[in-house]
Amino acid sequence: SVFIPSTTFAQPPDTLWTKTWDLGGGDERAESVQPTRDGGFVICGLGDFGVGFYTAWVQRLDSDGDSIWQWDLGGNLTEGANYVEQTRDGGFIVAGSTWSYSPGQTHAAAVVKLNSQGQIRWVSLWDHPIVDDTAVTVRELPNGDVIVCAWHGYWPALWRLDAQGNTLWTSVFYEIPSSISAWTRFVEPTSDGGFVIAAMIDFTGASQMMAVLIKADADGNMVWYHQYPEEDSIESQFYCVRELTNGDLIACGYDWDWDAVDQWHDWYVVRTDAQGEIIWEIQAQGEFNERAHSLIVTSDNNIVITGVQRGPDIPFFLTRKYNLDGNLLWEDSQPNGEGWSVSQARDGGYAITGPRMIESFSTSEDFFMFKYESEVTVDLVPEITLVPTEGGSISFSGSMSNILVNETTLDVWASVT
């Protein structure tokens, strides 16, 4: 049997389903969604749940977006979950922060390992004695270690742990000049064994928040950093970065140009080579504020990015698809929210999550997620039956690649009658 994919839609794919979860709080916002190996999803965020302090929240979903289980961690102060993904053992790793359980008087960066049923296996904390820390992104590495992108005080940082949650090393990038603050947003493991970080830094003496990519080696030593865009800007920020198969990088965020007539934040996407030198960039000056928050490289070797377009009355989930040359393939907007995370499901469809805002630009009404239909349909070619007339054997070979999840199961079968 042979599977033949069709061509992609000329228009954005239809929305397959939407889901909301209202847990009784005044502000509930989803931050990250990732696929699971069973075809479902795992989603995380934070909510006040009506108690006045924020609680970290994780939920596992089936392929239709229905809840399998949910987990939350709250204390007498504030916690949050920023990123979650499934690990090779079937469990989940969560990045966030805790104030209630911090060993000091500030927020501590927190990494929590859950088993497949959402029960805690271990918790690791990293705190600064004076200012707040946050773990923003956590990624599992091929050997089972995890790498964490964090804010440590006012500095961008990496934190590597083994599979049992023991700290192997920490790396704080003090060599980057910073005055008031620095925010890291995402870490991408690279094919050379190192890492690239998407960040925003307030440079000393410049009075500007600038988008930055930081390249580190396998031990967390900085190799290079570049700020973007190269021309003058009031402010810019990166939220996400991904590596392409040839080693190039794609990053997304926003740019606020000194010379822009409308003075809006502009949707900003840049492709660089492996050394961070710009190959092309997109500075989409729309009618309203636009920010690109999350991107993926899709199974058809294109790019899907989700973010927000803030109109005069309501925000819109804004999703755009590009090819690797930066040409726009389609775009779609849906009202009342901001896209903060995009992932590709096992069936090829795109899942989007983020805060859903109906009455306020700053308060999310509930946890929210929607899924697009797959752009690729699969047709099964009629089976061919071979009948050896004098006995014998039939052999075959094949190859498979899958960039959607860390691990894939392939079932092979034969029938003799």
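What is the volume of the second largest pocket? In this predicted model, the second largest pocket has a volume of about 640 Å³. Its lining is made up of 28 residues, and those closest to the centre of the pocket are Glu31, Asn82, Val136, Arg185 and Trp340. The elements that contribute two or more residues to this lining are strands S3 (28-35), S7 (79-86), S11 (133-140), S15 (182-189), S19 (235-243), S23 (289-297) and S27 (341-344). Sorted by class, the lining residues of the second largest pocket comprise nine nonpolar, twelve polar and seven charged residues.

The protein chain as a whole contains 30 strands and zero helices. It has 417 residues, of which 55% count as buried. Of the contacts in the chain between residues at least 6 apart in sequence, 49% join residues at least 24 apart.

In soluble globular proteins, nonpolar side chains tend to be buried together. The largest nonpolar core in the model has 44 residues, and the members that touch the most other members are Val111, Val138, Leu213, Phe238, Val241, Val269 and Ile305. With neighbours within four places in sequence left aside, Leu213 is in contact with Val196, Ile197, Ala198, Trp224, Tyr225, His226, Tyr228, Phe238, Val241, Leu249, Ala251 and Thr272. Another core, of 18 residues, lies apart from the largest one and includes Leu158, Ala199, Ile214 and Ala216.

Tyr228, one of the contacts of Leu213, is joined to Pro229 by a cis peptide bond, with omega at about -10°. Pro229 is located in the loop between strand S18 (222-228) and strand S19.

Several other loop residues were examined. Leu141 is found in the loop that runs between S11 and strand S12 (146-152). Is Leu141 buried or exposed? Leu141 counts as buried because its relative accessibility is 6%, below the cut-off of 20%. Residues up to four places away in sequence not being counted, Leu141 touches Arg88, Ile147, Arg160, Pro189 and Phe195. The C-alpha atoms of Leu141 and Asp162 are 9.6 Å apart in space, and the two residues are 21 apart in sequence.

A polar atom of the Asn323 side chain lies 3.0 Å from the backbone nitrogen of Asp325. Residues up to four places away in sequence again being excluded, Asn323 touches Trp280, Asn302, Ile303 and Leu329.

Positive phi angles are reported for two further asparagines. Asn301, although not a glycine, has a positive phi of about 65°. Asn301 lies in the loop between S23 and strand S24 (303-310), and at 41% relative accessibility it counts as partly exposed. For Asn336, likewise not a glycine, phi is positive at about 70°. Asn336 is placed in the loop between S26 and S27.

Definitions and conventions
Residues numbered from 1 in each chain as written. Predicted model: local features only at pLDDT ≥ 70, side-chain atom pairs only at ≥ 80, totals over all residues. Heavy atoms only, no water. 1 Å grid on protein atoms, 1.4 Å probe; cavity = no way out; pocket = protein on both sides within 12 Å on 5 of 7 lines; lining within 4 Å. Points joined across faces, edges and corners; volume = space filled by probe spheres on them. Helix = DSSP H or I, 4+ residues; strand = E, 2+ residues; numbered from the N terminus. Nonpolar A, V, L, I, M, F, W, Y, C, P; charged D, E, K, R; others polar. Core = buried A, V, L, I, M, F, W, Y, C linked by side-chain atoms within 4.5 Å. Buried < 20%, exposed > 50% of the residue type's maximum accessible area, 1.4 Å probe, protein only. Contact = heavy atoms within 4.5 Å. Polar contact = N/O pair within 3.5 Å; in protein donor to acceptor, adjacent residues only side chain to side chain.
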